[in-house]
2 protein chains.
Amino acid sequence: MSPAVSGYTQRRANRERVIAALRRQGAMTRAALANVGLSRSTIQNVIEELAEVGMVIEIGPYTASGLGRPPVLVGLRGSLGVTVGVEIANWTIRVAVCDLAQKLLLHTSAPGDDRADPVTTLTKASALIDEALARTGFRRDQVLGAGIALPGPIQRRTGLVGRACTLKPFVGVNCAKLAREVLRLPVLVDNDANLAAVAEVTWGVAKGCRDLAYVYSATGIGVGFVVNGNLYAGANGTAGEIGHTTIDENGLVCDCGGRGCLNTLANPDAIIRNLKQSHGAGLTIADVIALAHAGDAGCRRVLADAGRHIGVAAANMYNLLDPELIVIGGSLAPAGEILIDPLCESMARRAIHAGQALPPVIAGYLGEEAVVTGAAAAVLADADAFPLRPA
Amino acid sequence: MSPAVSGYTQRRANRERVIAALRRQGAMTRAALANVGLSRSTIQNVIEELAEVGMVIEIGPYTASGLGRPPVLVGLRGSLGVTVGVEIANWTIRVAVCDLAQKLLLHTSAPGDDRADPVTTLTKASALIDEALARTGFRRDQVLGAGIALPGPIQRRTGLVGRACTLKPFVGVNCAKLAREVLRLPVLVDNDANLAAVAEVTWGVAKGCRDLAYVYSATGIGVGFVVNGNLYAGANGTAGEIGHTTIDENGLVCDCGGRGCLNTLANPDAIIRNLKQSHGAGLTIADVIALAHAGDAGCRRVLADAGRHIGVAAANMYNLLDPELIVIGGSLAPAGEILIDPLCESMARRAIHAGQALPPVIAGYLGEEAVVTGAAAAVLADADAFPLRPA
DNA sequence: TATTTATGTATAGCTTAGTTATAAATGGCG
DNA sequence: CGCCATTTATAACTAAGCTATACATAAATA
């Protein structure tokens, strides 16, 4: 009687490849699994082994597949563990819990303080995680890892948070190291735009897309690139700072030290600043967007102007990178076509046409949950750094 | 007695992987070959087979390897075939012939006419190829394929040359299709900057580099990206149009329809234009650079200004992409630090510092041969599209 | 019922990880 | 200087297991 789960090197490696594929892409048919680079025979054997010990289960037939015998989805048993996403934004801390079957179990948030020191902020996040785990019935030792999103660039090699981070107390901090200590969990730290891009590719409007530019507006504007199905973060991990594209060489001074950066013209602060005279102080960007949808001409105008400015940077990005799809996410996304139409117009005026159509520009599906769920999805996707250990 | 070369599927596939690696990276040791993803045992078997039929040969011991038994380089027998590179620039047509051992055998050129129709230009190129083949002793049927470089974007799906191509008679033409007919050879067409980047990665300053941004100045300025060892050309194949980055919204009108594009400020034409008053007409960019090296203040100044403008675009590119290395190639490269120092200064002023050092900016090694040899190297590298057939 | 696609099962040939042996260099040491 | 330990490359062999292939079966559609 052979053991249910063989321990030989090659078999073990292939089991891990299958598990990694199921973590990253969710339940699949056996036939689709063969595309990870293993033969059907091997997939069959590996799935058999994993099903025997209860790590994968048949989810049920995959309908809507047209002709032929309906395939059956196999997926990881979700209850084997969870991943946690944490978004640390300037005024909010969000936490998401996600199971191994790529199901979002819970999403909570609490107000944050952008002047609080990192330990205080992370301690608050830790409490939110405990609460979320209690409500979903998981223990801390069932958490594979926590993904943490910050509004700024993070240097891959050293883990230090860059100066351009809009959450100033975190600048120069090794957030991953600190978070590991405070949260007592395996941790991953990345930029908010990068992680939101992961979420839109995992669950949202770009599901399955292999080449994506995801433009994310929060306090600043960043972009997350997915190239060939994987996040592209640059040599140092700091790619994506589209918010500091120079739009107007003689414009306002940006906190990066430059002048006329996109951030000084089109981030939510800049938009609200334009309305102070006419609409008074105290507006939030959500108010502006709501007013615009209700027909307020001033609000429509400032959003359109922001779209045009973003369009200039997007055209430069398009000329350089030729992405397949551009998704707009973050606080400006609810503006929809009020922002996107002028953006496209502005981009089209500056884009080099080789003959092909410009890439579609669409709003993300995931709203404010994009970043925090992306943080959880990034943990789910990184089966190497966050291995699933049988309890 | 088993056949020297087995015909079974798996073995054949692995032979092709080995051959592809040797074409792309040149002669390697058996140990290095194992890094293509096959075991040492398989490499051993495959090389044995290929050596037996004379497709690979032991080049000799690889010296300067430190401790241990010296490895022995194995490589493709160069004389099995050749690849051809063709550069169609605005005023020159260049041809290179390269053998399967990555050795450049010959490099010739002839004047071109940027108003001639594509058939005329390609016919002239065909004659140059014939002459080059005659001088190197190869027949046309020994040519695996010809790589053709054009000064503009080429749409991947349709093969059409984009409007931004500075060689106007080629705009809107399916150059690959036409060239196949005129040259009677398998053909690949790509942008000059992309192919020069391939050359610098294959033979030049970026040899072995896996992430590179190669800024190339000819009639316009373009950039070729190597990401993870492979050319990144974008969803449509038209990435890299850095020359149309908007630098001055109110600047000169560019032939792309925009205003103040980098090309209007820093390409060779623009540089020469700045010197017309003081230095008269008839200067070439090479003259300007020579005068600058000799101490001419005006020439130094306009080159420095061009460097500063390129630095603005390079900073935007750096903020977006965070490349590991930036190489300057093309007609401006001989200016060396006269151009590069101001470029770096300008880039540093606008780049977002996450904490890491900015990427090194260096001049390419390959000079005017970069593009044409890159075109040959691209054919060499694409073992799928240009298979080596035993004669 | 014919067609189509997914899955199940089996096998010959091949690849892999691992082990052991041999080859050929360097560097330290007597 | 020669000798020896060390280091790295190549070579040869084996058990485990992967791949391509073939064929059978299952379950849907037209």
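Chain B of this predicted model can be superposed on chain A with an RMSD of 0.1 Å, by a turn of 180° and a shift of 0.0 Å along the axis. This is the relation of a two-fold axis. In general, two copies of a chain are related by a rotation about an axis and a shift along it. As for the contact between the copies, 100% of the interface residues of chain B are also interface residues in chain A, so the copies meet through the same surface.

Within chain A, three strands form an open sheet in the order β1-β3-β2, and their pairing is antiparallel. Strands of a sheet pair through backbone hydrogen bonds, either parallel or antiparallel. Between β1(A) and strand β3 (residues 72-76) of chain A, the antiparallel pairing extends over two bridges. Here T29(A) stands opposite L73(A) of β3(A). Helix α1 (residues 9-25) of chain A packs on the sheet and touches β1, β2 and β3 of chain A. The direction of helix α1 makes about 100° with that of β3(A).

T108(B) lies in strand β6 (residues 104-111) of chain B. Its relative accessible area is 10%; the cut-off for a buried residue is under 20%, and T108(B) is therefore buried. Apart from neighbours within four places in sequence, T108(B) is in contact with I93(B), R94(B), V95(B), L128(B) and R135(B).

Terms used:
Residues are numbered from 1 along each chain as its sequence is written. Chains are lettered from A and ligands numbered from 1 in the order in which they are written. This is a predicted model: local features need pLDDT of at least 70, side-chain atom pairs count only at pLDDT 80 or more; totals for chains, interfaces and linings use all residues. Side-chain values use heavy atoms; hydrogens and water are left out. Copies are superposed by least squares on the C-alpha atoms of residues with pLDDT of at least 70 in both. Contact means heavy atoms within 4.5 Å. Two strands pair if DSSP finds at least two bridges between them. Helices (H or I, at least four residues) and strands (E, at least two) are DSSP runs, numbered from the N terminus. Axes are lines fitted to C-alpha atoms, for helices over the stretch in contact, and angles run from 0 to 180 degrees between N-to-C directions. Buried means under 20% relative accessible area, exposed over 50%, partly exposed in between (1.4 Å probe, protein chains only).
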